[in-house]
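Subject: Structure for you to look at

Hello,

Here is the structure I promised to hand over. Please open it next to this email and follow along.

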Amino acid sequence: MTKTVAVLGTGKIGEALLSGMIRAGWRPADLLVTTRRTDRAEELRTRYGVEPVTNADAAKRADTLILAVKPQDMGALLDQLAPHLTADRLVISAAAGIPTSFIEERLASGAPVVRVMPNTPVLVDEGMSVISGGHHATPTHLAHTEEIFGSVGKTLRVPESQQDAATALSGSGPAYFYFLVEAMTDAGILLGLPRAQAHDLIVQAAIGAAVMLRDSGEHPVKLREAVTSPAGTTISAIRELENHGVRAALIAALEAARDRSRELASGNG
């Protein structure tokens, strides 16, 4: 449906999208980028063969605009775009906590807006991007958004009312696993292993467990039970996790992340 795509704000996530789209078959000639620094613009031109432009030029020329800026910069960016954007352009926001209504109110009446919450594994093409359409986004707009973000991982459509929960689970999710790996690595050191060996053991265990969860189709309880023999080492560890309230702590942590996402969406930053 679209010919030219502009990525506005080409930081890590924006560049990951740009790179993924090119690998997926988008022509560099059909991609525009905007940056704040001239040296960064030239770096992207050299690396990907794309054309750096101003925000105003992107609004005039692109059929699809991906707003990959920080939430606090969204208002100022929309002020720059609004005079040049017509209602037939698709606007995709990848800014955490910004509802589609915030963007729709600042653009031409009827402009289609799609909200996306990607997570950092898009940097290695293993991301999860949660997609919600605004009032004027059609199934075609949503499919096009899935095509773009599908170049760097998986996508999932949800009603926008579920975006805060998805942010807590998926957007922030990688950080919880990094935290767990950090703690388990420290435990390995306490048990007498060198840090590098402890790290390699935990990371490979995490990769293997994730692949089994993805590919086996089994419930995580069944997979855990397959490792948990009677009176064995695993059940002893699980008992301690339950005694220390790890399950309850995780639920409380995700609730806190969801609540903070709601605060950001309401402008209480």
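In what order do the eight strands of the open sheet stand? The order is E3-E2-E1-E4-E5-E6-E7-E8, and the pairing is mixed. E3 and E8 stand at the edges. Each has a single partner strand, so one side of each has no neighbour in the sheet. Now look at E1 and E4. They run parallel, and four bridges join them. Valine 5 stands opposite threonine 64 in E4.

A word on the model as a whole. It is predicted. The average pLDDT of the protein is 94, and 98% of the residues score at least 70. Among the elements, strand E4 (residues 64-67) has the highest mean pLDDT, 98. Helix H12 (residues 246-265) has the lowest, 91. The secondary structure comes to twelve helices and eight strands. The C-alpha atoms fill a box of roughly 70 × 40 × 35 Å along the principal axes. Of the 269 residues, 39% are buried. Take the contacts between residues at least 6 apart in sequence: 62% of them join residues at least 24 apart.

Next, the inside. The largest nonpolar core has 24 residues. Ile66, Ile92, Val114 and Ile148 have the most contacts inside it. Several elements give two or more residues to this core, including strands E1, E2, E5 and E6 and helices H1, H2 and H6. H1 gives the largest share, four residues. Beyond its neighbours within four places in sequence, isoleucine 148 is in contact with Leu17, Met21, Trp26, Thr64, Ile66 and Ile92. There is also a second, separate core of 22 residues. Among its members are Val69, Leu77, Leu78 and Ile103.

Helix H2 (38-48) deserves a look of its own. Which residues of H2 are buried? They are Arg40, Ala41, Leu44 and Tyr48. Look down the axis of H2: the buried residues fall within an arc of 105 degrees, so they line one face of the helix. That set packs against H1, E2 and strand E3 (51-52). On the other side of H2, Thr38, Asp39 and Thr46 are exposed. Glycine 49 follows H2, and its phi is positive, near 75 degrees.

Now compare two single residues. Is threonine 100 buried or exposed? Threonine 100 has a relative accessible area of 3%, under the 20% cut-off, so this residue counts as buried. Threonine 100 lies in helix H5 (residues 100-104). Its side chain makes a polar contact with the side chain of glutamate 160, at 2.7 Å. Leaving aside neighbours within four places in sequence, threonine 100 is in contact with Val113, Val114, Arg115, Ser132, Gly134 and Glu160.

Where is serine 161 found? It sits in the loop between strand E8 (153-157) and helix H7 (163-171). Its relative accessible area is 66%, over the 50% cut-off, so serine 161 counts as exposed. Serine 161 and alanine 256 are 95 residues apart along the chain. Their C-alpha atoms are separated by 17 Å.

Best wishes

Terms used:
Residues are numbered from 1 along each chain as its sequence is written. This is a predicted model: local features need pLDDT of at least 70, side-chain atom pairs count only at pLDDT 80 or more; totals for chains, interfaces and linings use all residues. Side-chain values use heavy atoms; hydrogens and water are left out. pLDDT is the predictor's confidence in each residue, from 0 to 100. A nonpolar core is a set of buried Ala, Val, Leu, Ile, Met, Phe, Trp, Tyr and Cys residues joined through side-chain atoms within 4.5 Å. Buried means under 20% relative accessible area, exposed over 50%, partly exposed in between (1.4 Å probe, protein chains only). Contact means heavy atoms within 4.5 Å. The arc is that of the directions from the helix axis to the C-beta atoms. A polar contact is a pair of N or O atoms within 3.5 Å; within protein, one must be able to donate a hydrogen and the other to accept it, and residues adjacent in sequence count only if both atoms are side-chain atoms. Two strands pair if DSSP finds at least two bridges between them.
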